[in-house]
Amino acid sequence: MRRHLEFIGEMSPFLEIGANAGHTSYMLANEFGADGFALDISADALRYGIAIQDEWGMARAPVRIAGDAVHLPFADGSLRFVLAFQMLSQFMDIESVFVEVKRVLAPGGVFLFSEEPLKRMLTLSIYRAPYYDTMKPWERRLYDWGLLGYVIRDVVGAHQEESFGIRQNHSMVLRQWHALITKHFVEHKYEILVRETGWGERVVRRAAIALDRHRSEWLAARLLGGTLAAVCRKAGGAREIPQASPDRFETYLRCPDCRAPLRRDAADTLACTGCAYTAANEGGVYNLLPSATRSELYPGDREDIIDMSIAGHEAKLREGWYELEGVFGNRYRWIGERAVALLRPAGSGPQKVRIRGFAHEAAFAQKKPVTLEVRVNAERAGLWTLDRSGLFVLEAPLAPGSEYRIEVLAGPVWQAAGDDRRFTVNLSMLRLLPAE
C-alpha cells in the first residue's frame, strides 16, 4: 500500500472488508489520518480491536461493522478506498465481492487486495498438506527442500481451515484474476510473489523468470503458484464525496434489509428509516448483517446452542467441564475423558448436532491419534479419529427427540506440567441444527 500511495490518492472514507480485528484499519486511521470502517462477519474479532488499539497506543479507531462482503451495508458510490487482505479466496463466487466493491466505490475510487492465492500448475495434486507446525517429519523435510509443492493439491493448510468451516477457493490462475480485474476496473497495478521454500522451487522459479520474455514472475507464478496483490481503479473521474464528521458516519451506511438510509439515535443505536431494522452499539461494534444471517450467526442464549462466548451457557452444562478460558469470541472449556451437556431443539423436524473444538499438540505426545465419540441419549451418534493437532468441527445426525443429552468421550488423556487436571480436548460450541 505504501508503494502505491500516488495511485491510491485520497483514502477517506475507507472500508476494510474481512478486517478480522482491524489491524490495517487502525493503521489507516492513525498513520495516514484516514476516516473509515473495519468490516468483518465476526463481531467478536472486531471487538478484539480494542486490545490492539491499547497495545499499540493508538488515538484513533475505525468504525467497526459486523457485515457481509457480498451484502455491504453502504450506500452506492459512498467510499473512496476499499481494502481486502487474504479474504477474497474465502468466497466460492469471488466476482460477487468485486461487484459489491465496485458498487460502493465512488467513480475513480480504488480497490486494493493482497495475498490472494494463485493456482499452481506444476504439481501432481496427490493430497492436501497441513500447516508446517502439524506436518509429519517427512512432510517437513520435503517442504524445506522445496519439493512438497510438487505433490500436494491446494496451498498448505487449506484443508485444516476447511475442517473448521472456512471455505477456500484456490482455483484461479493469474490469467483468470487478470480477466476478472479488467472486467470491473479500468486501471490496475499488480505485485506477484512467488516464494522459494527450498532448492526444489528456487531452480524452477529462476529458470521461469529467465524464460519469460519480460523477465517477470508471470510464468513462475503459473508453474509454482504464489500470491497476487493488486490496486484497481473504478471508471470515472474522481468524485467529491461529502465528508461527514466522525460522529456522523451513519450517512455512508444503508439498511442491509431494505437498503434505506440509517439514522443514529441518542442511545447510539442505528435504526433504518424504511423498516424496523436496528443495530445497537455492542462493545463498540454495530452488527449490520442481514436479519436472517444475523439471527443464524448470532442466535444469543438459546436452548439449542451452547456457545462458550455467551453468558448463561453454563445452565446447559452437566458434569465433566473445566473452568472457562479464552478471550472475546474465542472462549472454550477443557474436558477430561467425558463431558455432558443438555440441548433442546428450537424447531421441529430432523436435527443434527455440531461440535466445535480444538485438539492440542500435547494430546499426540503418546504417538496415538485423538479419538472422539459422541453419544446422544445413551446411543452412539458418531466416532472420529484425529491424527493432527488443530481445530475441528464434528457433525452427526440425531434421532427425533424433545431433549438431547450429549456426551463427549475423548482420549488419550494428558496432563500439563504443574497441573493435576486430566485433559483431552477443549470445546467452544455445541449446537443443534436442522438436518439437511
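This is a predicted model: local features need pLDDT of at least 70, side-chain atom pairs count only at pLDDT 80 or more; totals for chains, interfaces and linings use all residues.
Trainee: How many residues in the lining of the second largest pocket are charged?

Mentor: Sorted by class, the lining of the second largest pocket includes five nonpolar residues and two polar ones. The remaining class in that lining, the charged residues, numbers eight.

Trainee: Which word describes how helix 5 lies to helix 8, roughly parallel or roughly antiparallel?

Mentor: Two packed helices are described by the angle between their axes and the distance between the axes. Here the axes of helix 5 (residues 94–104) and helix 8 (residues 174–184) come within 11 Å and cross at roughly 25°. Because angles under 35 degrees count as roughly parallel, helix 5 is, relative to helix 8, roughly parallel.

Trainee: Which residues of helix 8 make the contact with helix 5?

Mentor: The crossing of helix 5 and helix 8 is right-handed, and the residues in the contact divide into six nonpolar, one polar and three charged. Helix 5 contributes Ile94, Glu95, Phe98, Val99 and Lys102, while the partners from helix 8 are Trp177, Leu180, Ile181, Lys183 and His184.

Trainee: What is omega for the cis peptide bond that joins Gly411 and Pro412?

Mentor: Most residues other than glycine have a negative phi, and most peptide bonds are trans. Pro412 lies in the loop between strand 21 (404–411) and strand 22 (426–434), and the cis bond joining Gly411 to Pro412 has an omega of about 0°.

Trainee: Where is Asp154, the residue with phi near 75°?

Mentor: Asp154 is a residue other than glycine, yet its phi is positive. Its place is in the loop between helix 6 (137–145) and helix 7 (158–163).

Terms used: Residues are numbered from 1 along each chain as its sequence is written. Side-chain values use heavy atoms; hydrogens and water are left out. Ala, Val, Leu, Ile, Met, Phe, Trp, Tyr, Cys and Pro count as nonpolar, Asp, Glu, Lys and Arg as charged, and the others, Gly among them, as polar. Axes are lines fitted to C-alpha atoms, for helices over the stretch in contact, and angles run from 0 to 180 degrees between N-to-C directions. Helices (H or I, at least four residues) and strands (E, at least two) are DSSP runs, numbered from the N terminus. Angles under 35 degrees count as roughly parallel, over 145 as roughly antiparallel, 65 to 115 as roughly perpendicular and the rest as oblique. A crossing is left-handed if the near helix is turned anticlockwise from the far one by less than a right angle, and right-handed if clockwise. Contact means heavy atoms within 4.5 Å.
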